[in-house]
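Hi,

Here is the structure I promised to pass on. Please open it next to this email; my notes follow below.

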Amino acid sequence: MRDRLSIEPLNPNIGVRIEGAHVRDLTDGEIATLKAQVARRCFAVLPGQFVTAGELDALGARFGETYMAAKAQPVEGTACVSELTNMLVFDDPRYRTNRWHTDATHMDRPPSFTFLSCVQPAPDGGGDTLWCNQSLAYETLPAAMKDRIAGLRFIFTIADFYRRHNGPDMPGERTHPLVRVHAETGRKSLYLGDAISGPGFEGMTPDEGAALRDELYAHCHRPEHCYRHRWSKGDLVIWDNRGAMHYAVMDYAPGDVRIMQRLMVRGEAPIADEAAKSPAVLAAAGVA
């Protein structure tokens, strides 16, 4: 069957809009095209999909092993789809994601892909999500900075309040290479957290680590590295956590309801450099 997908870049540096077929009807070849576009362009917007939770569950399984955050409850009839609502966010600030972050960086194998389906957007155009291209952020660093950060490892934490909510067995800290290599595209990207999810770097004092982290953060979030999406009901967005960060804008009132359904696909352990892309290292990292 001829590939039915219409693919249009959202801007020169990040994001793609894909139309032409419902995700439940995609062929294996079209799934491969979709995965490749998300990996290369950081995220894809598929408007007007109106996927059911069951369809989202099935789609994620075609991308890889799906899983949920610890203690999260799946939507009825699904294995790994969870519901995200601002009612929880406003009631408990622990769940707010109005900051630049990458999903589940405290895990040894953080998610590769995250899916977000818009069940009910915030009224009056609020509740946008932004993504930034972390590969482009690395590639546009000055050579001196690339040399300075080569080989560094970033410390990611899971804050105490999440451990209290999810249980004491949740890992408190994980280190990953600051510069990771995408297992599929081969591009290098910056993999770091903010003041909440990442206190700094191995081998640095807290002040030194915070200063470098903040300098890199300012570079990552330059406008030319980013795209801001305004949600419409029925939108489906898929992004690649290995090359993108995201930010959920909380510019709507506590009484305004915003409901999303999320699914995550388990990724490989972050790979530090191109020399590590041997079959043995990839197998150890969980790359098929």
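Start with arginine 148. Leaving aside residues up to four places away in sequence, arginine 148 touches Leu212 and Glu215. With glutamate 215 there is also a side-chain polar contact, at 3.5 Å. Keep in mind that this is a predicted model. Arginine 148 sits in helix α5, residues 143-149. Its relative accessibility is 47%, so arginine 148 counts as partly exposed; the cut-off for exposed is over 50%.

Next, helix α1. It covers residues 28-41, 14 residues in total. From first C-alpha to last, α1 reaches 20 Å, close to the 20 Å expected at 1.5 Å a residue. Its buried residues are Glu30, Ile31, Leu34, Gln37, Val38, Ala39 and Arg41. An α-helix has 3.6 residues a turn, so residues three or four places apart point the same way. What do the buried residues of α1 pack against? The strands are β1 (6-9), β2 (16-19), β3 (43-46), β6 (111-120) and β14 (236-240), and the helix is α2 (53-63). Just after α1 comes cysteine 42, with a positive phi of about 80°.

Now strand β7, residues 129-133. Five of its five residues are buried, so β7 is largely enclosed by the rest of the structure. Both faces are covered. Thr129, Trp131 and Asn133 lie on one side, Leu130 and Cys132 on the other. Which strands pair with β7? One is β13 (residues 226-229), antiparallel, over four bridges. The other is β15 (residues 244-248), also antiparallel, over five bridges. Threonine 129 takes part in both pairings: its bridge partner in β13 is histidine 229, and in β15 it stands opposite alanine 248.

On to the aromatics. The count is 10 aromatic pairs. One of them joins phenylalanine 154 and phenylalanine 201, edge-to-face, with 5.0 Å centre to centre and 85° between the planes. Phenylalanine 154 lies in strand β8 (residues 153-157) and phenylalanine 201 in strand β12 (residues 200-201), so this pair ties together parts 47 residues apart in sequence. Both phenylalanine 154 and phenylalanine 201 are buried. Separately, Phe43, Trp131, Tyr227, Trp231 and Trp239 form one aromatic cluster. Trp131 is also among the buried residues of β7.

Last, two charges over rings. Arginine 180 lies over the face of tyrosine 191, 4.7 Å from the ring centre. Arginine 266 lies over the face of tyrosine 67, at 4.2 Å from the ring centre.

Best wishes

Methods
Residues are numbered from 1 along each chain as its sequence is written. This is a predicted model: local features need pLDDT of at least 70, side-chain atom pairs count only at pLDDT 80 or more; totals for chains, interfaces and linings use all residues. Side-chain values use heavy atoms; hydrogens and water are left out. Helices (H or I, at least four residues) and strands (E, at least two) are DSSP runs, numbered from the N terminus. Buried means under 20% relative accessible area, exposed over 50%, partly exposed in between (1.4 Å probe, protein chains only). Contact means heavy atoms within 4.5 Å. A polar contact is a pair of N or O atoms within 3.5 Å; within protein, one must be able to donate a hydrogen and the other to accept it, and residues adjacent in sequence count only if both atoms are side-chain atoms. The expected span of a helix is 1.5 Å times one less than its number of residues. Two strands pair if DSSP finds at least two bridges between them. Rings of Phe, Tyr and Trp (its six-membered ring) pair if their centres lie within 6.5 Å; planes under 30 degrees apart count as stacked, over 60 as edge-to-face and the rest as tilted. A charge sits over a ring if NZ of Lys or CZ of Arg is within 6 Å of the ring centre and within 35 degrees of the ring normal.
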